[in-house]
Amino acid sequence: MDVDAGRFLADLQALRGFGAQGRGVVRPAYSDADMAARDWLAGRMAEAGLRVRFDAMGNLFGLAEGPSLLLGSHTDSQPEGGWLDGALGVIAALEVARCVPGVSVVSFQDEEGRFGVTTGSNVWSGGLSLAEADGLVDHDGVTLADARRVIGDRAGGDVDAEQFTGFVEVHIEQGPKLDAEGLQIGVVTDIVGIRDMVVTFAGQQNHAGTTPMHLRRDAFQALSAFNAALNDRLRNVVTPRTVWTIGHVSLSPNASSIVPGRARFSVQWRDADVDRLARMEAIMRDTAAEIAAAHGVGCDFGPMLGLDPVAMNGTLRAALEDAAEAVAPGCWCAMPSGALHDATNVARKMPGAMLFVPSIGGISHDFAEDTAEADLVAGLQVLARAAAALSPS
């Protein structure tokens, strides 16, 4: 368990260099920066004595011999992402694999959802077929099938989940709890569920100067009305932990002097209760249809993507809690995850657990994302202790 904190931090900084932009990174799935980072990571895995394997999705594994405990996360980023989101879990896993026998490492592809919801681990765990994934399209109209051609001859076949005894993912919290309460470690109890779909309002493109307001079929006005109505209609359904977001909007033709003829937008919602997620979906669909009719526009719903809530495995959690108390006595807590992670998918195949370290100011998905070095190292040490207890070797 003699992890090398200096080597760990140096590797984190080296990975930060791929797609670096200011304090953060721009490393979307399948981009040049993403593939360069994966090639670098494959080299570091090989140096650690692990057998390197890319699968068809671009998920990258460093495999130990025989049955092993799987550790890791992802190394792709949001379009404007922080340097630790996902990267921490992969580099911590690599350092632990150097020191604890019977540990394998993974960096899943497209966790950040360029093409869906945690796409790489979803395909690997059987939640989504590769053929279905290939049909997914990003916001620029690129299909996943086209994007993953950059993997080329790196792909070496599927990696069998049967060789792994469990999965542990270390991640920054991406929220304010640990930082605000002065805690160093969070042991995750459960991960919320998520739903994500694209809605399109199709109206009539027209001249912005000559078309009277009462005759317009303005797709953006429909979107604006939908947003206001949705907030009101969800009021008596949701809890303080429920969240929903319209995060991406595309107007057509997106010109100052033209009434928008089409508004295409994402709607995403998260909650720990499956029934509530379904009720929210029904409200969203009904509201969109009513607003569309009132504004004289068409309404179309894209595919529904999502994952159900999942509880973390008790045995793995206990090992993390014991390690947290040893490394940070009295300075840790058990807590749920409001963010989605690859561990949700991997839990289909094996026992899963997660560990959090603080995010300064609760900031993530932003270039300003950061964590104190002492907390990064504490997370590494907790992971190493737990891995030593859980490893089959």
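Helices (H or I, at least four residues) and strands (E, at least two) are DSSP runs, numbered from the N terminus. The model is predicted: local features need pLDDT of at least 70, side-chain atom pairs count only at pLDDT 80 or more, and totals for chains, interfaces and linings use all residues. Residues are numbered from 1 along each chain as its sequence is written, and side-chain values use heavy atoms, with hydrogens and water left out.

**View 1. Helix H2 and the elements packed against its buried residues.** The 16 residues of H2 should span 22 Å at 1.5 Å a residue, and the end C-alpha atoms of H2 are 23 Å apart, which agrees. The expected span of a helix is 1.5 Å times one less than its number of residues. Buried means under 20% relative accessible area, exposed over 50%, and partly exposed in between (1.4 Å probe, protein chains only). In H2 the buried residues are Ala33, Asp34, Met35, Ala37, Arg38, Leu41, Ala42, Arg44 and Met45. These buried residues pack against helices H1 (5-16) and H3 (87-99), and also against strands E3 (51-54), E4 (60-63) and E6 (103-108). Contact, here and below, means heavy atoms within 4.5 Å. Just after H2, Gly49 has a positive phi of about 85°.

**View 2. Tyr30, in the loop between strand E2 (24-25) and helix H2 (32-47).** Tyr30 is a residue other than glycine with a positive phi, near 70°. Most residues other than glycine have a negative phi, and most peptide bonds are trans. Tyr30 counts as buried because its relative accessibility is 5%.

**View 3. The loop between strands E12 (249-252) and E13 (258-259), which holds Pro253.** The peptide bond from Ser252 to Pro253 is cis, with omega near 5°. Asn254 is placed in this loop between E12 and E13, and has a positive phi near 65°, although Asn254 is not glycine. With 60% relative accessibility, Asn254 counts as exposed.

**View 4. The largest nonpolar core, with 54 residues.** A nonpolar core is a set of buried Ala, Val, Leu, Ile, Met, Phe, Trp, Tyr and Cys residues joined through side-chain atoms within 4.5 Å. Phe8, Leu12, Leu71, Leu88, Val96, Ile185 and Leu376 have the most contacts inside this core. Helix H12 (residues 373-390) gives the most to the core, with 10 residues. Apart from this core lies another, of 27 residues, including Leu178, Val188, Leu307 and Met350. Beyond four places in sequence, Leu71 touches Ala93, Val96, Val103, Ser104, Val105, Val106, Phe167, Val168, Leu383 and Ala387.

**View 5. Helix H12 and its residue Leu376.** H12 has 18 residues and reaches 26 Å from its first C-alpha to its last, close to the 26 Å expected at 1.5 Å a residue. Its buried residues are Asp375, Leu376, Val377, Ala378, Gly379, Leu380, Val382, Leu383, Ala384, Ala386, Ala387 and Leu390. Leu376 counts as buried, at 1% relative accessibility. Neighbours within four places in sequence aside, Leu376 is in contact with Phe8, Leu9, Leu12, Trp83, Leu84, Leu88, Val357 and Thr371. Leu376 and Val168 are 208 residues apart along the chain, and their C-alpha atoms are separated by 16 Å.

**View 6. Asp370, in the loop between strand E19 (352-357) and H12.** Asp370 has a relative accessible area of 24% and is partly exposed. Not counting residues up to four places away in sequence, Asp370 touches Arg23, Trp83, Leu84, Pro358, Ser359 and Ile360.

**View 7. Ile283, in helix H9 (residues 274-295).** Residues up to four places away in sequence aside, Ile283 touches Leu230, Arg233, Leu234 and Val237. The C-alpha atoms of Ile283 and Pro253, 30 residues apart along the chain, are 29 Å from each other.

**View 8. The second largest pocket, with about 170 Å³ of space.** On a 1 Å grid over the protein atoms alone, a pocket is an open set of points where a 1.4 Å probe fits, with protein on both sides within 12 Å along at least five of seven lines; lining residues have an atom within 4 Å of a point. Grid points are joined across faces, edges and corners, and a volume is the space filled by probe spheres set on the points. The lining consists of Asp55, Ala56, Met57, Val123, Trp124, Leu130, Asp158, Val159, Asp160, Ala161 and Lys349. By class, the lining has seven nonpolar, no polar and four charged residues. Ala, Val, Leu, Ile, Met, Phe, Trp, Tyr, Cys and Pro count as nonpolar, Asp, Glu, Lys and Arg as charged, and the others, Gly among them, as polar.
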